[in-house]
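Q: Could you walk me through how the features of a model like this are read, one at a time?

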Amino acid sequence: MRHTISIIVANQPGELSRIVGLFSARGFNIETITVGKTLEPEWSKATVVTLGDDRTVEQIIKQCSRLARVREVKAVTSLPHIEREMALIDVSVRSGDERQEVMSLVEIFRAKVVDISHDRMILELSGTMDKVDTFIEMLRPMTVNEVTRSGCVAINRLSRLMSDEVAVAAGA
Amino acid sequence: MLEAVSIAQNVANEVHVPTISVEPIRGAEILMRALVDNGVDTVFGLPGGAVLHIYDEMWRYREAVTHYLVRHEQGAVHAAEGYARATGKVGVALVTSGPGATNAVTGIADAYMDSIPLVVITGQVPTAVIGTDAFQEVDTFGITLPIVKHSYLVRNVEDLENAVNEAFYLASTGKPGPVVIDIPKDVTAQLCEYRESRTDFLSAQVDAPACDREMLGVALERILTAKKPVFYVGGGVVTSGASDALGKVVEALGVPVTPTLMGLGGFPTAHAQCLGMLGMHGTYTANMAVAESDLLVAIGVRFDDRVTGKLAEFAPNAEVVHIDIDASNIGKIRKPQYPVVADARVALEIMSEMLTSKGATNHRERLGDWWGEIREWQKAVPLSCEYSEFEIKPQQVIETLHEVTNGDAIIVSDVGQHQMWAAQFYPFKRNRQWINSGGLGTMGFGLPAAMGAQIAVPDRQVVAIVGDGGFQMTNQEIITAIQYKVPLKVLIMNNGYLGMVRQWQEMFYERAYSEVDLSISPDFVKLAEAYGAQGLRARTPGELKAVLQEGLDFDGVTIWDIVVSKEENVFPIVPVGGASRNMILK
């Protein structure tokens with residue numbers, strides 16, 4: 001099962017490699033990892049998407065918590081949450097039809113065209129990892145030249161009671 | 001050494017008495033001053049290019065800090081481990097960059113596996129050339145990353161003092177472990193004020209967790225209703241100094257206790273409630289009791305594979321109370337019904353209070369049937385060995401050593417068959433009386449660790465028990481002991497084999513003895529004499545006791561070459577992956 005774990009770690013050289021090293025040394029899998037500053041510049045937040053059963057995730061959290069420069073570890077996916085990944089996709093469009101096909105997919109997925117030439121387009125999409133997967137899958141009949149994915153970021157919802165649908169309706 | 005002392009006297013005016021300084025001083029002195037302020041008076045090390053400034057200060061601080069010049073950096077770290085294991089204090093090793101650091105890696109890993117508090121200071125090439133494949137450059141921070149509790153690459157002299165202070169804090173609090181401080185050469189030359197700042201830490205979450213009294217209370221209620229409880233206690237009891245509290249609790253409860261290899265000494269082996277060690281080479285009784293128990297109370301242990309054997313059949317009918325300071329150990333291997341994240345001593349002291357407030361109950365009587373079963377196992381299969389008229393049995397060596405040391409010596413073991421025999425046949429009576437490389441199983445650990453222990457505890461008799469294999473991995477440190485007049489006693493159990501491997505080849509590989517024959521070895525007595533040590537040999541049972549006594553009576557370094565029967569096996573043995581109740585007994 002897929003889990004998203006967020007780790008607040010000191011923004012210092014070597015600390016991220018300590019976390020990544022711990023994952024490989026303990027045999028934990030990393031699907032995606034992203035890192036950025038928090039509001040306090042001396043602390044960073046790493047978001048790791050991993051595959052494993054509940055016991056594995058419990059071990060990951062406990063092992064990461066042992067690191068001296070880690071302040072907080074939590075399983076974002078254990079509570080209602082929002083997750084987003086961004087992708088930049090370079091796709092070839094060799095005819096007007098293909099361009100129209102791409103444009104309709106862009107509309108359906110609420111993606112954006114961020115660059116264009118005579119025979120290629122660069123698309124930007126953000127959404128859940130599943131949505132990004134599906135978008136790329138739908139583009140496959142065209143020639144997809146390159147895909148760059150950001151890895152997943154996630155945050156817990158404000159209200160634990162609010163269902164996903166209600167929250168989306170509220171503009172979350 | 002004598003020459004060094006006379007030079008020291010000539011330049012005595014150069015000796016610094018550490019004082020508070022507002023004048024900028026160089027990084028090397030900041031390091032030395034911070035070491036002294038953290039209570040360090042003993043350092044094991046070996047100099048090199050990257051640590052020349054540090055050694056220059058070491059010379060000035062020689063009144064405050066005694067430096068032991070080892071002959072190989074692995075010896076420095078094992079000696080620092082022996083020092084730490086014998087006292088609980090932080091051991092300190094100092095090595096140069098590149099090969100100095102890589103030679104230290106085995107010792108750091110050893111300390112990591114057994115949770116030993118160490119601060120290992122490594123020199124590094126100057127910051128300007130880091131990453132250029134400079135002479136004697138290696139990525140020490142990267143190489144040691146998975147085997148440290150924490151580590152530093154100190155790039156600015158302003159960060160040095162704090163790094164040292166924090167390193168000592170991290171190494172010794174919570175679950176102890178090794179901390180590496182990698183210091184580029186230029187940082188040790190740069191100037192900075194010494195601030196005497198001690199608490200400017202970014203994160204201090206390694207403090208011991210508060211004990212969950214409620215869960216502990218629930219666990220205790222469960223213990224009071226258990227029909228076949230067993231206390232399974234490990235290194236956490238030793239590390240936290242929980243022996244007294246453990247004794248009180250188990251005596252009040254009347255329960256059987258089995259220590260792990262790392263827990264030996266934490267509960268007296270000769271105590272009527274002690275079943276002996278459990279696990280792969282544990283006693284029949286301990287393994288049977290665990291297999292039959294309905295409640296396993298695991299304290300300061302991590303369900304190591306050498307303890308559990310086949311996991312599904314380890315205490316299969318038992319509920320588990322697991323008390324450990326490291327939350328990641330709880331549920332890692334076996335999910336407990338009663339998890340308590342706590343320092344072992346704190347938890348046991350609270351348990352003891354709870355029991356006192358409950359008032360006296362005769363638990364021994366309640367557990368009468370259980371003890372009946374246990375006594376039957378003890379009678380059926382005691383630890384034993386048949387002595388021979390013609391050759392010395394290794395178990396006999398341990399029993400005789402126990403006799404001539406009045407059971408009082410600190411035993412430091414290397415790794416292999418002799419380690420298991422020492423664990424089985426030397427009854428330990430106090431905490432930190434047994435020192436060995438448990439987790440990593442490092443051959444070569446014993447001799448330098450014994451030297452470090454003897455330096456730390458000069459009033460106690462320390463004896464290293466090593467095999468003829470492991471001895472040859474680190475015997476260069478004999479000369480260090482000679483140099484500093486450390487009365488190191490090293491007992492080689494010489495069976496002419498890499499014995500434990502040979503035993504496995506005999507039992508599980510149809511006696512195909514592949515590359516285990518050490519019959520071509522140096523003459524250990526002559527070797528001892530070449531070092532200026534006393535070399536003694538015993539070949540027959542009749543001379544064993546006198547030879548051991550002669551070495552103990554000698555005021556200096558002694559190497560005993562005790563020639564033992566070549567193909568003796570360690571029993572009981574649980575084959576790897578087998579259920580721990582299915583022991584091979586002979």
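**Reading the two chains**

A: Let us begin with one residue and what surrounds it: leaving aside residues up to four places away in sequence, S151(B) touches R18(A), F141(B), L145(B) and V180(B), where a contact means heavy atoms within 4.5 Å. The model is predicted, so local features need pLDDT of at least 70 and side-chain atom pairs count only at pLDDT 80 or more, while totals for chains, interfaces and linings use all residues. Residues are numbered from 1 along each chain as its sequence is written, chains are lettered from A and ligands numbered from 1 in the order in which they are written, and side-chain values use heavy atoms, with hydrogens and water left out.

Q: Which side chain makes a polar contact with the side chain of S151(B)?

A: A polar contact is a pair of N or O atoms within 3.5 Å; within protein, one must be able to donate a hydrogen and the other to accept it, and residues adjacent in sequence count only if both atoms are side-chain atoms. Here the partner is the side chain of R18(A), at 2.9 Å.

Q: Is S151(B) buried or exposed, and in which element is S151(B) found?

A: Buried means under 20% relative accessible area, exposed over 50%, and partly exposed in between, with a 1.4 Å probe and protein chains only. With a relative accessible area of 2%, S151(B) is buried. The residue belongs to strand β6 of chain B, residues 150-153, and such elements are DSSP runs numbered from the N terminus, helices being H or I of at least four residues and strands E of at least two.

Q: Where is the place of N38(B), and what does the side chain of N38(B) reach?

A: N38(B) sits in the loop between α2 (27-37) and β2 (42-45) of chain B, and its relative accessible area of 18% makes N38(B) buried. The side chain of N38(B) reaches the backbone oxygen of A34(B) at 2.8 Å.

Q: Why is chain B described as being as compact as a globular protein of that length?

A: The radius of gyration is taken over C-alpha atoms, and the globule rule is 2.2 Å times the number of residues to the power 0.38. Chain B comes to 24 helices and 19 strands. Its radius of gyration is 25 Å, close to the 25 Å that the rule gives for 586 residues, so chain B is as compact as a globular protein of that length. Along the principal axes, the C-alpha atoms of chain B fill a box of roughly 75 × 60 × 40 Å, and 60% of its 586 residues count as buried.

Q: How are the elements of chain A arranged from the N terminus on?

A: Chain A has 5 helices and 8 strands, which run β-α-β-β-α-β-β-α-β-β-α-β-α. Its C-alpha trace spans about 55 × 40 × 35 Å along the principal axes, and of its 172 residues 40% count as buried. Among contacts in chain A between residues at least 6 apart in sequence, 71% join residues at least 24 apart.

Q: What does I136(A) touch, not counting residues up to four places away in sequence?

A: I136(A), which lies in helix α4 (residues 129-139) of chain A, touches I89(A), V147(A) and R149(A) on that count. I136(A) is buried, with a relative accessible area of 9%. From C-alpha to C-alpha, I136(A) and W43(A) are 34 Å apart in space and 93 residues apart in sequence.
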